[in-house]
Amino acid sequence: MSDATIIFLQLVIPVAGAVVCLATGRAPRVQRVCGVLGSIAALMAAVLLVARVDDAGVLAAQASGWAAPYGITLVADRLAAGMVLVAALVGLATAVYGLRDVTDGRLPWTFYPLLHFLLLGVQGAFLTGDLFNLYVWFEVMLVASFVLLTLGNGRAQLEGALKYVVLNILASALFLVGAGMLYGKLGTLNMADIAIKLQDPSEVALLHTSGILLLAAFGLKAGIFPLFFWLPASYHTPRVAVSAVFAGLLTKVGVYALIRGYTLFLSGTFEDLRSLLIWTAVATMVVGVLGAAAHFEVRRILSFHIVSQIGYMVLGLALMTPLALAGAVFYIGHHIIVKTNLFFVGGIIEEMRGSGELGRLGGLYRNHPWLAVLFFVPAFSLGGIPPLSGFWAKLAIVEAGLEAEAWVATAFALGVGILTLFSMTKIWMEAFWKADPRGEEAAARTGARKPLAPLVLPAAAFATITVVIGLAGGEMFAYAMRAADQLMDNAIYIRTVLGGLEGGVP
Amino acid sequence: MNLVLALCIGILFTAGIVCLLQRCMMRLVVGLILLGQAANLIVFTGAGLTSGEPALVAEGAKVPPPGAADALPQAMVLTAIVIGFGLTVFALTLLNRARETSGHDDLDAFSETDRI
């Protein structure tokens, strides 16, 4: 299989999955099977891509053989390929989780097609090498996410969606203006070509307006301070399967765009923005964790933790050393798995007890020790307890911070880590450890109306992955280091994109 | 022409932001539409305005004549308009549903999901 075919497969499979799911909408069982099979195929293609990219370095595919920078280029470097793999994993887990979580009424009819469209947008955003194309993929992702968010039309859902939709449309407008002005100045939208044109320092001065607009647009999608308000207002309202895939993937696409921007086409403006990025990252961490401390409902607490963890990733980017970038890359991968898993477990708790309010929960450890284990692994990985994956992620960021002598930011990173642990302990104590407020008799009965296997299976698989990443942290971190080396030296990326048509589809 | 369009873009942005900051739901939608149009106009004018020089390749030639309009911003703006149209329709439907379920259209009253 040629390199270009492998890259295009990452997009063709979700499209095919969505179309098949739409076509089989009238036969729910067939549709579910197709939805899950499509996700399995996507995962296999992603594994193939990572294996090929890790050997070859950077792969590029020119759509219809139009040479870059004139055509649309898809590029897979180690970061993009790694993200594609993790996204495909989350897609599969969510498809399985949705088998039981999204069953009532007409919901499943739209859930599976939209899930695949959402993944199409996410994979496209990871793989594109063209700024305007990135905008279009963002919109594909956004429109699918709008409909997923409002599936079911609950009152809280509509209210959350209102905030989500308005702020994200605003971000899209900013993105469009930034990209349009950049094109006006440089006459190109190919990211590699922009990077070359901006090596001429006289051009850089012109870039700042577009740079700031793009920073605001990506930052809003990533949920950095002070642009994150849509996130905790909406993420706890939809179906659990929907919240889980949003929590895992969507903000990370924004972080990915920031990393791609500041290592490639916006690298000329990076030095001027470094301290802004560092302090934004610190504020994001602190505000997110304080928000989590103030809340007493499982999914709301977890939503604020997304914001807080985004701060760590942005801090890794802002330090811009190979170790810091590797830390950020590793952090993204770890975070996607762990956060999706925590939402899965939160959903199982809600399914069993009918509520995620900490005050109404209790006694879960006594009655369902297996659920306690499923929660314990991702929760304490998020808190950074060794040897789970979150420990290595935090360690890399902190070590990079110390190396870069960013003392204050590093101190905040450590402090926020402790507060994260505090808030995970809060859920543990309230939901699992304390006695059930309804009394012993009621606690022994699970409230689950549906068989739990499809809910537990993805959660257990992700908990296993978290432990494996923790134990094989060296291997994973070596990959992140190789990805970071590619990011630090964008010459290979640029040469692969503009250098020739070897990977082009005839 | 440049000045007129620049003023237009400025006015559209200002009006869009003013509308977004109001409490009424309908103004919110109008604000979003105006902002989207402002963004489209920026993209359209970003590569410079040419008048009377369509980006057509003459018979036998390989490239358009020098000074011809750049076709790419036009293609981009078309894409952006279509996307913006879809987003607006969704936003309208959503706001309508939100108004129906909540029974009011005061945006400040939608504070349920932010409550601690």
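Entry 1. I began with a network of salt bridges, which links A:D54, A:R78 and A:R482. The model I consulted is predicted.

Entry 2. The side chains of A:D54 and A:R482 form a salt bridge, with N and O 2.8 Å apart. A:D54 belongs to helix α2 of chain A and A:R482 to helix α21 (residues 473-488) of chain A, so the pair ties together parts 428 residues apart in sequence. I noted A:D54 as partly exposed, at 23% relative accessible area, and A:R482 as partly exposed, at 33%.

Entry 3. Next I examined A:R52, whose side chain meets that of A:D3 in a salt bridge (2.4 Å, N to O). Since A:R52 lies in helix α2 (residues 28-56) and A:D3 in helix α1 (residues 3-23) of chain A, this pair ties together parts 49 residues apart in sequence.

Entry 4. Are A:K163 and A:E159 buried or exposed? I found both to be buried. Their salt bridge has its closest N and O atoms 3.3 Å apart, and both residues lie in helix α6 (residues 155-186) of chain A, about one turn apart.

Entry 5. I turned to the interface, where 35 residues of chain B contact 36 residues of chain A. The two chains bury about 3,000 Å² between them, 76% of it on carbon and sulfur atoms.

Conventions. Residues are numbered from 1 along each chain as its sequence is written. Chains are lettered from A and ligands numbered from 1 in the order in which they are written. This is a predicted model: local features need pLDDT of at least 70, side-chain atom pairs count only at pLDDT 80 or more; totals for chains, interfaces and linings use all residues. Side-chain values use heavy atoms; hydrogens and water are left out. Contact means heavy atoms within 4.5 Å. Buried area is the accessible area (1.4 Å probe) that two parts lose on being put together, summed over both. A salt bridge is a side-chain nitrogen of Lys or Arg within 4 Å of a carboxyl oxygen of Asp or Glu. Helices (H or I, at least four residues) and strands (E, at least two) are DSSP runs, numbered from the N terminus. Buried means under 20% relative accessible area, exposed over 50%, partly exposed in between (1.4 Å probe, protein chains only).
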